[in-house]
Amino acid sequence: MGKLLDKYTQPKKTVEFKFPLSGDTLNFHRPTVGEMRSVAEFTQSLEGVTDADVKISAKVLKTLCNELSEESETMISKDIEKLEAPDRGAIIPFYMELLGMDRDQLLRAGMENLAQTTKK
C-alpha cells in the first residue's frame, strides 16, 4: 500500500495560476517550508505599510514563479501596480490556497482580527 499511497498523494510540482481578468497564466512551483517561512517573515515586516499587498504579491511571484525569479521585486511591484484590481488582488489568495488555506478561513481570520482591533 505504501507505494500506491505515495503515487496518489504526491501533488504536481507546478500549478498554473490564471489571472481572472486578463486570462494570462503563470506557472508556480509548490512552496517549500523555507519559502513559506521567507514569505511569512517578509509579510510580518510589512505591518502598517500602505502597499503591503503589492509587495507581498511581488515576493510571492519572485519566490514561486520560475519565469520571474531573476527579476527584482521592485520591478515586479511596479508591474503589479499596473494590473487591474481583480488581477492584482488574485495573487495572494492563490498563494494561500497553495498553502492549504481556503477563502472562508481567511475571511473568518480577517473578521476576528478586525473585531479584536475595534474593541475598546
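Two strands pair if DSSP finds at least two bridges between them. Helices (H or I, at least four residues) and strands (E, at least two) are DSSP runs, numbered from the N terminus.

This is a predicted model, where local features need pLDDT of at least 70, side-chain atom pairs count only at pLDDT 80 or more, and totals for chains, interfaces and linings use all residues. Residues are numbered from 1 along each chain as its sequence is written, and side-chain values use heavy atoms, with hydrogens and water left out.

**Exercise 1. Describe the pairing of strand 1 and strand 2.**

Step 1. Find the sense of the pairing. Strand 1 and strand 2 run antiparallel, joined over five bridges.

Step 2. Val15 has Phe28 of strand 2 as its bridge partner. Glu16 stands opposite Asn27, also in strand 2.

Step 3. Look at the turn. Six residues lie between the strands of this hairpin. Gly23 takes a positive phi there, near 80°.

**Exercise 2. Sort the side chains of strand 1 by face.**

Step 1. Buried means under 20% relative accessible area, exposed over 50%, and partly exposed in between (1.4 Å probe, protein chains only).

Step 2. Recall the rule. In a regular strand the side chains alternate between the two faces of the sheet.

Step 3. Apply it. Val15 and Phe17 point to one face and are buried.

Step 4. Contact means heavy atoms within 4.5 Å. Beyond its neighbours within four places in sequence, Phe17 is in contact with Asp24, Thr25, Leu26, Phe28, Ala90, Ile91 and Phe94.

**Exercise 3. Locate the salt bridges and say how accessible their residues are.**

Step 1. A salt bridge is a side-chain nitrogen of Lys or Arg within 4 Å of a carboxyl oxygen of Asp or Glu. A search of the whole structure finds two.

Step 2. Take Asp51 and Lys55. Their closest N and O atoms are 3.9 Å apart. Asp51 is partly exposed, at 24% relative accessibility. Lys55 is partly exposed too, at 31%.

Step 3. Take Lys59 and Glu73. Their side chains meet at 3.6 Å, N to O. Lys59 lies in helix 3 and Glu73 in helix 4, so the pair ties together parts that are 14 residues apart in sequence. Lys59 counts as buried at 14% relative accessibility. Glu73 counts as partly exposed at 24%.

**Exercise 4. Is Thr63 buried or exposed, and what does Thr63 touch?**

Step 1. Read its accessibility. Thr63 has a relative accessible area of 18%, so it is buried.

Step 2. List its partners. Not counting residues up to four places away in sequence, Thr63 touches His29, Glu35 and Val39.

**Exercise 5. Is Val33 buried or exposed, and how far is Val33 from Leu99?**

Step 1. Read its accessibility. Val33 has a relative accessible area of 53%, so it is exposed.

Step 2. Compare sequence and space. Val33 and Leu99 are 66 residues apart in sequence. Their C-alpha atoms are 10.0 Å apart.

**Exercise 6. Summarise the whole chain.**

Step 1. Count the elements. The chain has seven helices and two strands. Their order along the sequence is α-β-β-α-α-α-α-α-α.

Step 2. Of the 120 residues, 26% are buried.
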